[in-house]
Each structure stands twice: as C-alpha cells, then as structure tokens.
Amino acid sequence: MKKKETRYKAHYNPDRECYISADGKYLCYNTTDLETRRPITLRYEIGKNGITEELTFQIDEINYEHDLNDCYESELRDPLFDAKVNSYKADSDNEDMVDPWDTIPDRSGSPEDALFAEPEPENPQTVEVCRIIDEECTDSQQDFYFAHFGEGKQLEEMRQDEAKQTGKLPSSAAFTNRKNKIIDKVAKVLGVERVKRHSYPSKKDKP
C-alpha cells in the first residue's frame, strides 16, 4: 500500500512491531495469536478506545528515530563485507566457510577506555544524506533506500519481492534506474556527480 500524506514523519513500514497505517487512520501492532501460533496484525482506530493522537505521535517519533539510525548505519556499511556475510549465510553448511564476523579482530580496550572515550563527531555529509532521503525522496524511494542500502538487499531480490506483491516483474534496468535516481539526488545536493558505469559498445557499433 502506498503511503498517503499524513502528519507523521516515519516512513510507512508494516514490518515494524508497532506502526501507523499507510493512511494514518490506524495504529497497528504485529503480534502472535496465542491459539493458532500464527502472526496477526491488530488494528486500532486512532481517536477511539483510548488510542489518542498524542500516543500515536510518540510512536511515530520512536519509529522516525529508528529510520534515522538505519540511515546512519547504512552509510557506514561495507558493501564488500555485507556480500561476504550474505555468501556465508547462503552456504553456512559448508564447513570450509568462515563467518566473516569471526575475522574481525577484537580491538576493545579496557572498561575505563570505553567510559571516558570522547564521542565521535557525526559526519556532516552523512547527516545531509539522511536529510535528503527523509525530506526530498518519495515514499517508494525511501523504501528502496532502506531495503537496498540499509538492509543490504540485492536489486534482484527486491525485484522478485515486488513481482510477488504486484504480480508484475519489473525489468532489471528499471530497478537500476530507481537506484540511480536516488544516488543522483544525493550527488546533486553534495555537489558531486554519480560515477557512471562504462557502457560497452553494441555489436552494430563495432567496426
């Protein structure tokens, strides 16, 4: 469901434990039915039965903070390391495979070092990227950003997920274009240009 314009800041995400419906009318809660042991979603109409707007705005603020944290984390992710983790998960039964997390050396110091360590300053470019995603991208672009750059989903996996939801499989080029549009938005504000991949000449262009 496409999110409609509401007064809430967090992007619509039905995978949260508690979230606001796309139309802004219901407070939704994902839980498990005690009898069937199956996942269910409880919906409470906002403004009725004690579900006040004040409560929903508090929940929205919490979800919004989670979105920002996801954005910050996605900027710090290492694509190569994520690829190794995904490869390990796909073939975890292989005894010769090594969990990439086990290859990271333990650089933790003493408890005193952790307690008195100075907090690292936020990267201003990271803050600006998060602002662009939050304020200048559409809901669908935000969903794409959090899935691809935040959760580390591959474009092909996202393409297949959309086909299951809509019954129509978009082309690979269409998904690449969606990604490039987001990158172009960020690049424009940061005053840089997206690095474009080399396009190989077609057969008819060859001598």
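Zero disulfides were counted in the structure, a disulfide being a pair of cysteine sulfur atoms within 2.5 Å. The sulfur of C18 lies 8.1 Å from the closest cysteine sulfur, that of C28, which is too far for a bond. The structure is a predicted model, in which local features need pLDDT of at least 70 and side-chain atom pairs count only at pLDDT 80 or more, while totals for chains, interfaces and linings use all residues. Residues are numbered from 1 along each chain as its sequence is written, and side-chain values use heavy atoms, with hydrogens and water left out.

C18 is partly exposed, at a relative accessible area of 22%, whereas C137 is buried, at 8% (buried, under 20% relative accessible area; exposed, over 50%; partly exposed, in between; 1.4 Å probe, protein chains only). Helix α5 spans residues 139-150, and nine of its twelve residues are buried, among them F144, Y145 and F146. Helices (H or I, at least four residues) and strands (E, at least two) are DSSP runs, numbered from the N terminus. After α5 comes G152, with a positive phi near 80°.

Nine salt bridges were counted, each a side-chain nitrogen of Lys or Arg within 4 Å of a carboxyl oxygen of Asp or Glu. K9 and E61 form a salt bridge at 3.0 Å, N to O. K9 lies in the segment before β1 (18-20) and E61 in helix α1 (residues 53-76), so the pair ties together parts 52 residues apart in sequence. E162 pairs with R178, with the closest N and O atoms 2.8 Å apart. This pair links helix α6 (residues 155-166) to helix α7 (residues 172-190). A network of salt bridges links E128, R131, E135 and E136.
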